[in-house]
Amino acid sequence: MKKKFEYKGPNMRKLISWRSLPLVVLVILAFILWRGLNSDPKLLPSALIDKPLPAFELPDLFSTDKILSRSDFIGKIALVNVWASWCDNCRREHPVLHEITNNSNIPIYGLNYKDQQSLARQQLQTFGNPYIAVAVDEKGTTAIQWGVYGTPETYLLDQQGIIRYRHVGPLTMDIWQQRLLPLVNQLKTEKT
Amino acid sequence: MNLIVSLLVLFITYTSSTIAESKDQYPLATIEQKQQFQQLLKQIRCVVCQNQDIADSNAGLAKDLRQQVYTFVKEGKEEKEILAYLSARYGEFILFEPRFAKSTWLLWVAPFVLLILGTVIIVRRSVK
């Protein structure tokens, strides 16, 4: 049996009028709120995305006479990890930092945040040191310049030292592979 | 009766000692500066304990930011400057009252737009 197609749906002219505005607004609102259900409201986007890593001058954790500055951390695509020995989540992400240094040529620099230098050194001796260099921000004043609010935090810098991404909370292999690595590859193809 | 009295004494001691403590920690020369300092603290969100302002919060960052704001007030910086300094580093969210800027104009304007839109719709329907 062949049936002729008869349109039995809603009257299209009636739909596309200003009367449907409340429904449209509702749908848009519902979509926005649904998106919000999946995001953590406590996470703040960095205010420094696409801005240069702020200048700093801090002592080196392993030779405190030596002063590290911004130029020591930039020049290559790199990660800067804000951590402390008192921070449990930092310990949790430590193996991930090691894996990143083992599996990629991305250097990781550390900012030791409001910590005791002896405890920080001890932590790295016990659990291994994934960092090329660690700057000591004992008072946390440099961290304020970066907008640090929750350790651990990890910043991705491009070759010019511009902050391209910030992750708050412990780094996982998932985050590295799904968020950071694609960005790293994209930065590698960008012209300097 | 004795219980009530002792609780009251405890309460008064606790509150007066915290007020005294905060005064000593951040000594300022003039009353205007003291007021400015207290008012500023109430406008700045503790981004760690996000429903508190940095006057109340015990978080380490709140303490650091209090110290920074105190230093600025002592130096004579204006309220606008201090709030701009913080939002440049932490984003608009650190301010309890978002300022009227490119990123927040929609936030400010939307309620009025919706109000006008709603009124227009209602008027049109009732005229018909």
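Modeller: The contact between the two chains takes 18 residues from chain A and 18 residues from chain B, where contact means heavy atoms within 4.5 Å. This is a predicted model, in which local features need pLDDT of at least 70 and side-chain atom pairs count only at pLDDT 80 or more, while totals for chains, interfaces and linings use all residues. Residues are numbered from 1 along each chain as its sequence is written, chains are lettered from A and ligands numbered from 1 in the order in which they are written, and side-chain values use heavy atoms, with hydrogens and water left out.

Colleague: Which residues of chain A lose the most area to chain B?

Modeller: Buried area is the accessible area (1.4 Å probe) that two parts lose on being put together, summed over both. Between chain A and chain B this comes to about 1,500 Å², with carbon and sulfur atoms giving 59% of it. On the side of chain A, 38% of what is buried comes together from the three residues that lose the most, Trp18(A), Leu44(A) and Ile144(A).

Colleague: Which side chains meet in a salt bridge?

Modeller: A salt bridge here is a side-chain nitrogen of Lys or Arg within 4 Å of a carboxyl oxygen of Asp or Glu. The count between chain A and chain B is one. At 2.5 Å, N to O, the side chains that meet are those of Asp64(B) and Lys114(A).

Colleague: Why do the buried residues of H5(A) line one face of the helix?

Modeller: Helices (H or I, at least four residues) and strands (E, at least two) are DSSP runs, numbered from the N terminus, and buried means under 20% relative accessible area, exposed over 50%, partly exposed in between (1.4 Å probe, protein chains only). In helix H5 of chain A, residues 117-127, the buried residues are Gln117(A), Ala120(A), Gln123(A) and Leu124(A). They line one face because, seen down the helix axis, with directions taken from the axis to the C-beta atoms, they fall within an arc of 125 degrees.

Colleague: Which backbone oxygen does the side chain of His94(A) reach?

Modeller: His94(A) lies in helix H4 of chain A and is buried, with a relative accessible area of 5%. Not counting residues up to four places away in sequence, His94(A) touches Leu124(A), Phe127(A), Gly128(A) and Pro130(A). Just after H5(A), Gly128(A) takes a positive phi of about 90 degrees. At 2.9 Å, the backbone oxygen that the side chain of His94(A) reaches is that of Gly128(A).

Note on methods: Polar contact = N/O pair within 3.5 Å; in protein donor to acceptor, adjacent residues only side chain to side chain.
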